[in-house]
Amino acid sequence: MTAFRPLPSPRALCAVLTGSLALFAAGAAEAGMAYVSNERGNSITAIDTDTLAVTKTAKVGRRPRGIIMSPDGKAIYLCASDDHSVQVIDPVSLKVLRKLKSGPDPELFALHPSGNPLYIANEDDNQVTVLDVEKNKVIAQVPVGTEPEGMAVSPDGKILVATSETTNMAHFIDTESFKIVANVLVDARPRFAEFTRDGKKLFVSAEVGGSVSVIDPATLQIIKKITFKIPGISKETIQPVGVRVTSDGKTAFVALGPANHVAVVNAETFEVVDYLLVGQRVWQLAFSPDEKQLFTTNGNSNDVSVIDVPNRKVVKSIKVGGAPWGVVVAPQ
Amino acid sequence: MSSLRAQLLAATTAAARAGMTVGRLAVAGLALAGIALPAQTAQAQPSNPATAAPAVLEVPIGLLTREVPPPPLYDLAAVPEDDAVAGAALAIKDNNSTGTFTGQHFTLNTTSLAEGDDPVAAAKALVQGGNRLLIVNLPADELLAVADAVKPVGAIVFNVGALDDGLRAEQCRADVFHVAPSRAMLADALTQFLASKRWNRLFLVVGPNAGDKAYAEAVKRSARKFGLKVVAEKPWTFGPLARERSDSITKSDALVFTRGVDADVLVVADEAGDFGNYIPYRTAEPRLVVGTQGLTASTWHQAQDAWGSAQLQNRFLRGTNRTMRPTDYQAWLAVRMVGEAATRTKGDDPAAMAAYLRSPDFSIAAFKGVPLSVRPWDQQVRQPLLIAQPMGVVSVAPEDGFLHQRTPLDTLGFDEPESKCHLN
């Protein structure tokens, strides 16, 4: 049931044609597979999104964290933080095909909508590395604030956003000139950035500040700071990390870390409408392609929770490797 | 050019006018951060003068500390010469990383007092030099003298060294923020850990110094607070055996003095580190040692690597070639608090910063897993404390299950209803 999807753009086609043989050797991702990086297990786990069963676990580099997929579904990109590299993994065999020059301590990254280049946050080095994934060549290194982490590319591919955890800013970087064109101050320890599909809103979570700032990328103003309150859970443990917004822009899901809940937010009014109890230290989130399922990585309970999106119900928890960190679902 | 980028550039120009910093400062950031880029990689270029950033606000910070006496011939854990200073210097770098984007530039001006130097005169000189934000790493009496001397000129003081409970009680001052933990907090943290293990019976061994007695008092108070029992208390009368340099450090009377006491743990009160490390394994009965040595409570620890602190530890280690000590961390935190206050108040006015720091709006990320803030009733920084043995973190206080209506962090130290502090 290998699904070959049409290539998203001429630029990506070009990228693949000039790409390395390794990429050709890779099969496309099977439809409906979730891939989870296990930070302490040094492995990735593949989950069939129909049966919700683990189909395969494979050893990867040390301290795997950020995990994304190429638009053509043929490659998984994985930050192997303690190996100081980004690994390119075949979604079918889960074999490491190539290692890319990520710069030191890569944690999170974002891919240009065309599939190239890759923008990598080097947390220990206060910079963003821009990497041509075909040539495995560093195109630029952009100095940003202290401890960059969250990375997002606008849907039109023109603007890259990097959040710096100690500087507490979202840096807006022009993807052609690699210049920082603006900085927006948010709350303490911004962890993750997510554009809405129309590019009109940017959600930035602040782990220690306990808030999610919604920024209008056109005016650079914070439209709203979303805060959370769960009865019986102390304010300090509510630490927003992963954020996902449905493609219709109507609903946002926010992982609240050690509060062990995912908040459901009306992405138009910014009202928090529900809190769903998931596993312990919920970190990152990923939708299934039809957006009917949401997968959450729960770092302290070593499992993945599956949320039924339309019914806002947690339907299953799936045991994975040690300290699951990131998750991506194929096809993208 | 995409519409989004066009809008961004327009907004950026507006933002520059409104005091937001762009383009050119990002380049300044390159230079400041000392990052050399390979020639083939793209670099940010100065933006055109029309979008030039406003003048940079200089924020000088004073650090007042005392010279560390040179260690004896061999001291495996000597206090480093740059204790506290290295932590503050690292935070200056962190602040300036934000400052390049906000148009603020922080500098550290350190005065290290030699023996006999007057701390008040030195503090006044620092303030006259423009340092109205003072980080002070001095004992309680000198801290108070400094705080009272600089108050009339509107300076504020960050205590990063003095643990005395009195500074947070009868002797509290409105111009002093306590970044160092109080002895009450340290004792509460350790006692919570013991209570969570149900190691309820304590054998207290108290050193001869005033700080040792104060620490012992704090332990007794904590024991009452959390339902533990001090079953025995003995003074240490055998001298600084942990530091003794001789060919025969074994003292028979020191080896037998723990005999016949039935307790779960032995708690040492030895702030100077004179004998606490002599006791483990030399007790008559097999006995765990906690307190100022053995298992300790502290704001920071070399083995701490959770919550992203590996990054901070690494930055510190690279810059200094040594591990970060609690005093370094406290000085780092104090300078970061100034940085955060300068960012959020968009200025350098100490009064505005103090108002912000003691307000409920203030919280800061400091690699402790939860935001830190300031208790408005005594201006003590509320923070988790690490329960650690020399090479590993064992637990983090507040322990699970110690609840408080405001925040579990307020189970450590003096709570509002019992506070004897009247700020003025």
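## Contacts and make-up of chain B

Among the contacts in chain B that link residues at least 6 apart in sequence, 67% join residues at least 24 apart, a value that, like the others in this report, comes from a predicted model. Chain B has 424 residues, of which 49% are buried, and its secondary structure comprises 11 helices and 14 strands.

## The nonpolar core

The largest nonpolar core holds 216 residues, and those with the most contacts inside it are A:Phe109, B:Ala88, B:Leu134, B:Ile135 and B:Val267. Helix α10 of chain B, residues 326-345, supplies the largest share of this core, with 10 residues. Because domain 2 (54-181 + 299-383) and domain 3 (184-298) of chain B both give residues to the core, it lies between them. In soluble globular proteins, nonpolar side chains tend to be buried together.

The surroundings of B:Ala88 show some of these contacts in detail: when neighbours within four places in sequence are left aside, B:Ala88 is in contact with B:Leu63, B:Leu108, B:Ile135, B:Ala331, B:Trp332 and B:Val335.

## Helices α10 and α11 of chain B

Helix α10(B) also meets helix α11 of chain B, residues 350-357, and the axes of the two helices come within 9 Å and cross at roughly 100°. Angles from 65 to 115 degrees count as roughly perpendicular, and α10(B) and α11(B) are therefore roughly perpendicular to each other.

On the α10(B) side, the contact is made by B:Met337, B:Val338, B:Ala341, B:Ala342, B:Arg344 and B:Thr345, which meet B:Ala352, B:Met353, B:Tyr356 and B:Leu357 of α11(B). The residues of this contact divide into 8 nonpolar, 1 polar and 1 charged.

## Backbone details in loops

Two residues other than glycine have a positive phi: A:Arg63, with phi near 55°, and B:Trp307, with phi of about 55°. A:Arg63 is found in the loop between β3 (53-59) and β4 (64-69) of chain A, and it counts as buried because 22 C-beta neighbours lie inside 10 Å. B:Trp307 lies in the loop between β10 (296-298) and α9 (309-320) of chain B, and B:Trp307 is likewise buried, with 20 other C-beta atoms within 10 Å.

Cis peptide bonds are found in both chains, one of them running from A:Asn116 to A:Pro117 with omega near 0°, and another joining B:Ala397 and B:Pro398 with omega of about 5°. A:Pro117 has its place in the loop between β8 (106-111) and β9 (118-122) of chain A, whereas B:Pro398 lies in the segment after β14 (392-397) of chain B.

Conventions
Residues numbered from 1 in each chain as written. Chains lettered and ligands numbered in written order. Predicted model: local features only at pLDDT ≥ 70, side-chain atom pairs only at ≥ 80, totals over all residues. Core = buried A, V, L, I, M, F, W, Y, C linked by C-beta atoms within 7 Å. Buried ≥ 20, exposed ≤ 12 C-beta atoms within 10 Å, placed from the backbone. Helix = DSSP H or I, 4+ residues; strand = E, 2+ residues; numbered from the N terminus. Domains from an automatic or database assignment. Contact = placed C-beta atoms within 7 Å. Axes fitted to C-alpha atoms, helices over the stretch in contact; angles between N-to-C directions. Parallel < 35°, antiparallel > 145°, perpendicular 65-115°, else oblique. Nonpolar A, V, L, I, M, F, W, Y, C, P; charged D, E, K, R; others polar.
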